[in-house]
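Welcome! Here is a short briefing on the salt bridges of the structure shown below.

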Amino acid sequence: MRTNDFDASIDDAWQEFRTELAAFLRELTAADLTWIEQDPSIPEGPHGRIDIRYTRAHRVRLTLDPFTLHTSVDCYRVQVGQLRALGWRRLADGSYILEGGHARADEMAAAIVNTFRQVWETVHPTFLRAPFLADEPPRVEPTLRAGVVPHGPEHLRTLVVSMLKEVTGQRIEVDDDGDVVLPTEPPSWLRVYEDLPRLVAFAMLTDSVSDPLVAAPYIAAQPTSRDGIRVMLRQRQVFAHRVIDVTVFSGDNLRAGLADWFGFIDDDVPRIVARVRSGADTVGVEANSPAEAEDSDPLPDTLLAVLQLDTDNAVLSPREIAQICGYDRSEMLQLIRTCEEQYLSWAQSAEEADDPEEAQACRHEEQGWRVTTDKFRAALRVVVLPDDEPRPRMRPAG
């Protein structure tokens, strides 16, 4: 027999609520669209809400808006972990869903109860409101918050810093370049475009790629479920960024964009970094592409030296590249083959890309490697063929 009668009464109330909720879910039809939320008249704490509808696929879908989670970054991350443990799945727009057929009504009712009790810390079901509950008052639609049109980069930066202070409760720093420092690990920043109403969150994920040839197709496939985030390989470094358009600045839109970014940093980055640091042969994966399965050597040091010195393919002359290669035609031929493998790999990734932005990024990488290939061919010409400069004429004898 339980000793704490108060706790027992609460558990009994939740069990009764779960039974009633499961019965309601079993009766849902295509015409039903409803919701359940914490009582909005209670001012303290976060106010959770779950939307409930019956889809055309004859499944009950629960949807949770991320804006109902805690505004503190640390608390938000804890709640996201709780949602995943309870079976919620995150969509590209930032919302969370859980769905199933009528046969899973009791399981989904339990998930709703556990979400309100664990994530939003609702003490008792009497603190919940829903149209299908008895004596429910009419729902009052929330007031829409108007956006602000930024009148310049400084104004936009001020709005961003102010919003981040409110959300995180921390002091927000702006570095010497004008980038807003975000509270993430690895470090990341939020840059304000000078000529466009646009923000970009960016970070260098690692500078320790063990094998760029193996990592290239893996990175080109964009190993993240978040559509707005792009991952890029630059030599032995991996970068990521997310663009956020703010023609009209809205704290809610920025919060959603950053929630996507924070989720990427927490969930995807450790896996990506471990993969590219260790290489495909030492990291267990379900399936590798042919390029990942091959035992390829890292990029040669000579090639890496040229890439480091020839920024944007506009600094080194063919003769200087030949000098870096020690005028070794065998090495230069091998480097040309390596560059060809790179641009062919990126071209294939561009063809297979489903997203236009991803394809464009792959084409950009392909073009860069094509230019590098041409420069090595020009350097090879310096070694193999005589100079084009005219030779001095010999004076006739006599």
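A salt bridge is a side-chain nitrogen of Lys or Arg within 4 Å of a carboxyl oxygen of Asp or Glu. By that definition, the structure holds 18 salt bridges. This is a predicted model, in which local features need pLDDT of at least 70 and side-chain atom pairs count only at pLDDT 80 or more, while totals for chains, interfaces and linings use all residues. Residues are numbered from 1 along each chain as its sequence is written, and side-chain values use heavy atoms, leaving out hydrogens and water.

- Arginine 61 and glutamate 99 join their side chains in a salt bridge, at 2.9 Å from N to O.
- Arginine 84 has a salt bridge with aspartate 267, and their closest N and O atoms are 2.0 Å apart.
- Here the link runs from helix α2 (residues 73-85), with arginine 84, to helix α6 (residues 251-278), with aspartate 267, 183 residues apart.

**A bridge within one helix**

- Aspartate 268 and arginine 271 meet in a salt bridge at 3.3 Å, N to O.
- Both sit in helix α6, and because they are three residues apart, about one helical turn separates them.
- Aspartate 268 is buried, at 6% relative accessibility (buried means under 20% relative accessible area, exposed over 50%, partly exposed in between, with a 1.4 Å probe and protein chains only).
- Arginine 271 is partly exposed, at 39%.

**A network**

- Salt bridges also link Glu37, Arg49 and Asp51 in a network.

Technical notes: Helix = DSSP H or I, 4+ residues; strand = E, 2+ residues; numbered from the N terminus.
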